[in-house]
Amino acid sequence: MSWYSIRPDALTVLGDRKVARSLKRYLKVMKDELPAKFLIAKRLKAEFEPDEPLDRLWELHDELTEEFYRLESEIDEGRVSIEELEEPRRSYLDLKAEIARRILRSCHFCERRCMVDREGGELGYCGCGGTFLLSSAFPHLGEEPELVPSGTIFSIGCNLTCLHCQNWTISQHFEAGTPLSPEELARLVTELREIGCRNCNMVGGSPTPWLHSWLEAFRHVKVNVPTVWNSNGYYSVETAKLLMGFVDVYLLDFKYGRDECALRISNAPKYVEVCKRNHLLAAKGGELIIRVLLLPEHIDCCAKPILRWIRDNLGDWVRVNIMDQYTPYWRAREVPELRRSLRTEEYLEALDYAKSLGLSNLA
Ligand code: SF4
């Protein structure tokens, strides 16, 4: 049976003008009409030696990020052909991988900034070590229609502890996972693309603790495949910088509109500020799909302020998925209002509010 007979909307969405506008580049990479960002990053020369100090590497990285976006525009406009660019001895992607290796030794991939040496065997809040742990990988048919079939790779571990987590066996290490080298991860990405997946969807848990593995893996990927960063949005500014020039589509959660709710349910201090910052940087760095999972009794304190902020700061055409499938998983019973499913009235209230704000590109 064809994937598209299960999800016919995955085909009809390609004719949607709003999707074509908000995910213009992604759709072209998906159809192999433009190169994915990581392929451009591989052709951008970076002159550095791996033993140079980290601040010098960052300085070079920030200069090259500007150059990257200039080069990307030239390629997109047909003024430069990627095939004609030589593969340099060291590239912008190699530089990102080297910086990520350094971060791993004093981990600050996410906003918790544990500063532990994961390469040396220490573990931080997320419980992730140095070697990538795979939970599963398959063509996912349950994602937003423009992503389906999505070459989804689930990793173990997460930097948040959402008490209602749907993937709690993965995020909280109840599954051990299979260790994968970057080369093995690259092979998985390639196989999923070759069987017809539209993208590589990096998810968990959270992909954030494994950024070093992802960057290293994509150094070995040769096929053209759009990268999708499917994240809770709670990552450090350093991670946000490394994602620029690497990620084609940011698929970001916006979970809470109030820090008090984020702390109580997900143990995420400063969540709102961090999440806003990362959404703004994502919109600058690539294309964006925002997921707002509605929680029972969190429409006024969370959903509405989030939707208003999105409209005010990211425009009324940004792609937003207002999700109504909340179900009390894992430890949700510890939070009184999360013991039940979402009511239809709550969903309709959030949806009407989004429409009244003028948000017009709802998934
Ligand atoms: S990814 Fe975040 S939670 Fe995990 S060790 Fe690094 S800083 Fe800590």
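1. Helix α7 covers residues 92-104 and α10 covers residues 211-218; they pack at an angle of about 155°, and their axes are 9 Å apart. That puts α7 roughly antiparallel to α10, since angles over 145 degrees count that way, under 35 as roughly parallel, 65 to 115 as roughly perpendicular and the rest as oblique. Axes here are lines fitted to C-alpha atoms, for helices over the stretch in contact, with angles from 0 to 180 degrees between N-to-C directions.

2. Before going on, note that this is a predicted model: local features need pLDDT of at least 70, side-chain atom pairs count only at pLDDT 80 or more, and totals for chains, interfaces and linings use all residues. Numbering starts from 1 along each chain as its sequence is written. Helices (H or I, at least four residues) and strands (E, at least two) are DSSP runs, numbered from the N terminus.

3. Who touches whom between α7 and α10? From α7 you get L93, K96, A97, A100, R101 and L104, and from α10 L211, H212, L215, E216 and F218; contact means C-beta atoms, placed from the backbone, within 7 Å. By class this contact has seven nonpolar, one polar and three charged residues. Nonpolar covers Ala, Val, Leu, Ile, Met, Phe, Trp, Tyr, Cys and Pro, charged covers Asp, Glu, Lys and Arg, and the others, Gly among them, are polar.

4. α7 also packs on α6 (residues 54-76), at an angle of about 145° and with the axes 10 Å apart. This crossing, of α6 and α7, is left-handed. On the α6 side look at L54, L57, W58, L60, H61, L64 and F68, which meet Y92, L95, E98, I99 and R102 of α7. The contact of α6 with α7 divides into nine nonpolar, one polar and two charged residues.

5. On to the sheet: eight strands, open, mixed pairing, in the order β3-β1-β2-β4-β5-β6-β7-β8. β3 (178-180) and β8 (319-323) are the edge strands, each pairing on one side only. On average, neighbouring strands are turned by 30° against each other, direction ignored. Pairing requires that DSSP finds at least two bridges between two strands.

6. Some strand pairs to click through. β1 and β2 run antiparallel and are joined by six bridges; L134 has S155 in β2 as its bridge partner. β1 is also antiparallel to β3, over three bridges, and L133 stands opposite P179 in β3. By contrast, β4 (residues 200-203) and β5 (residues 227-231) pair in the parallel sense over three bridges, with C200 bridged to T227 of β5.

7. Two backbone spots deserve a look. The peptide bond joining V148 and P149 is cis, with omega about -5°, and P149 sits in the loop between β1 (132-140) and β2 (150-155). R113 is not a glycine, yet has a positive phi of about 45°; R113 belongs to the loop between α7 and β1.

8. Finally, the ligand. There are 15 residues around it, and C107, C110, C114, G124 and C126 come nearest; a residue is near if its C-beta atom, placed from the backbone, lies within 6 Å. The shell around the ligand divides into nine nonpolar, four polar and two charged residues.

How values were computed. Two residues are in contact if their C-beta atoms, placed from the backbone, lie within 7 Å. A crossing is left-handed if the near helix is turned anticlockwise from the far one by less than a right angle, and right-handed if clockwise.
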